[in-house]
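Where does a structure leave space, and what surrounds that space? The report below takes up these two points in turn.

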Amino acid sequence: MVPKHIAIIMDGNGRWAKKRGLPRTAGHIKGAKNIDTIARAIKALGVKYLTIYAFSTENWSRPDDEVKKLMDLFDEYLTKALKNAEKNKMRIRVIGDKSNLEKRLQDRIKEVEEETSKYDETYLQVAFNYGSRDEITRMTKKIASDVKSGNLDVDDINEDTVSSYLDTKDIPDPDLMIRTSGEERISNYLLWQLAYAEFIFTEVPWPEFSPKNLEEAIEEFNNRNRRFGRAE
Ligand code: IPE
Ligand code: IPE
Ligand code: MG
């Protein structure tokens with residue numbers, strides 16, 4: 001059985017580059033190229049939803065030139081996605097706080113989201129300027145504001161209400177989370193949504209993570225005993 005939704009923390013671009021005596025940005029370029037390869041493999045395997053972590057709310061603390069390169073690569077990625085929208089038939093959504101991104105990025109995101117909104121073969125979510133605590137904080141403010149204005153009754157708030165106020169509204173929770181490059185932590189990614197996901201950590205750095213590695217992760221996922229709180 002293939003998971004319905006895979007979430008990936010694309011980590012290790014910097015270390016991949018360093019190992020080769022290249023600047024960190026070379027790792028980001030190679031890593032960005034790998035997104036299409038993995039998105040195609042995901043589609044071929046029949047996985048409906050893919051969510052990738054591309055830039056966290058904490059990543060602003062990196063050197064200015066690296067942040068700039070990550071912004072430019074994101075813009076390039078979206079521009080290419082726009083060009084290939086018809087061919088890929090993939091609906092693209094960006095999750096995270098878009099409000100403090102540069103205007104050119106905000107416009108590009110809007111264009112891509114609108115242009116691909118008609119597709120429903122596969123769904124790609126790109127987490128950019130995303131942090132789960134930030135998302136939960138924004139959700140809380142929106143709920144509070146709707147309660148205050150009388151559009152929402154406190155007694156009607158349940159888990160589904162919370163989900164519907166998050167950036168991942170209408171997207172099923174991930175079944176599987178893969179983090180590349182050896183670190184075994186969640187780094188502020190989808191804290192609410194990953195409540196019952198299986199976690200797989202691999203040593204392979206993101207620029208080298210291949211369709212074969214993906215298939216292996218799915219195989220391991222299938223060998224896990226998913227209890228969801230039940231007894232054996
Ligand atoms: C992941 O690779 C890409 C981003 C976080 C934007 P890193 O840049 O974190 O690479 P390492 O972890 O330093 O090797
Ligand atoms: C998480 O990776 C964020 C992305 C992959 C975009 P980091 O490399 O920023 O995470 P930490 O700092 O090692 O926890
Ligand atoms: Mg990292």
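Predicted model: local features only at pLDDT ≥ 70, side-chain atom pairs only at ≥ 80, totals over all residues.

**Ligand 2 and its shell**

The shell around ligand 2 is formed by Ile9, Met10, Asp11, Tyr53, Ala54, Phe55, Asn59, Arg62, Arg179, Arg185 and Ser187. Sorted by class, these residues comprise five nonpolar, two polar and four charged ones. Strand β2, which spans residues 49-56, supplies the largest share of this shell, namely three residues.

In the side chain of Asn59, an N or O atom is 2.9 Å from an oxygen atom of ligand 2, and in the side chain of Asp11 the corresponding distance to an oxygen atom of ligand 2 is 3.1 Å. For Arg179, a polar side-chain atom lies 3.3 Å from an oxygen atom of ligand 2. Taken alone, ligand 2 exposes 390 Å², and the protein buries 78% of that area.

**The pockets**

Which pocket corresponds to the space taken by ligand 2? That space is the largest pocket, in which about 630 Å³ of space lies. Its lining counts 31 residues, and those that lie nearest the centre of the largest pocket are Met10, Tyr53, Ala54, Asn59 and Arg62. Two or more residues of this lining come from each of α1 (13-19), α2 (24-45), β2, α3 (64-83) and β4 (122-130). By class, the lining of the largest pocket holds 15 nonpolar, eight polar and eight charged residues.

The second largest pocket, with a volume of about 200 Å³, is lined by Arg93, Val94, Ile95, Lys98, Glu113, Lys142, Ser164, Leu166, Asp167, Lys169, Asp170 and Ile171. Strand β3 (residues 90-95) gives the most to this lining, with three residues. The lining of the second largest pocket divides by class into four nonpolar residues, one polar residue and seven charged residues.

**The cavities**

How many cavities of 30 Å³ or more does a search of the whole structure find? The search finds two. In the largest cavity lies about 50 Å³ of space, and its lining consists of Asp36, Tyr77, Lys80, Ala81, Asn84, Asn88, Met90 and Ile92. The elements that give two or more residues to this lining are α3 and β3, and the largest share, three residues, comes from α3. Four residues of the lining of the largest cavity are nonpolar, two are polar and two are charged.

The second largest cavity holds about 40 Å³ of space. Ala39, Ile42, Lys43, Val47, Lys48, Tyr49, Leu50, Met90, Thr122, Tyr123 and Leu124 line the second largest cavity, with two or more residues coming from each of α2, β2 and β4. Its lining contains eight nonpolar residues, one polar residue and two charged residues. Met90 is named in the lining of the largest cavity and also in that of the second largest cavity.

The table sets the volumes beside the class make-up of each lining.

| Space | Volume | Lining by class |
|---|---|---|
| Largest pocket | about 630 Å³ | 15 nonpolar, eight polar, eight charged residues |
| Second largest pocket | about 200 Å³ | four nonpolar, one polar, seven charged residues |
| Largest cavity | about 50 Å³ | four nonpolar, two polar, two charged residues |
| Second largest cavity | about 40 Å³ | eight nonpolar, one polar, two charged residues |

Definitions and conventions: Residues numbered from 1 in each chain as written. Chains lettered and ligands numbered in written order. Heavy atoms only, no water. Near = heavy atom within 4 Å. Polar contact = N/O pair within 3.5 Å; in protein donor to acceptor, adjacent residues only side chain to side chain. Areas by Shrake-Rupley, 256 points an atom, 1.4 Å probe, with all protein chains shown as cover. 1 Å grid on protein atoms, 1.4 Å probe; cavity = no way out; pocket = protein on both sides within 12 Å on 5 of 7 lines; lining within 4 Å. Sits in = over half its atoms within 2 Å of the grid points. Helix = DSSP H or I, 4+ residues; strand = E, 2+ residues; numbered from the N terminus. Nonpolar A, V, L, I, M, F, W, Y, C, P; charged D, E, K, R; others polar. Points joined across faces, edges and corners; volume = space filled by probe spheres on them.
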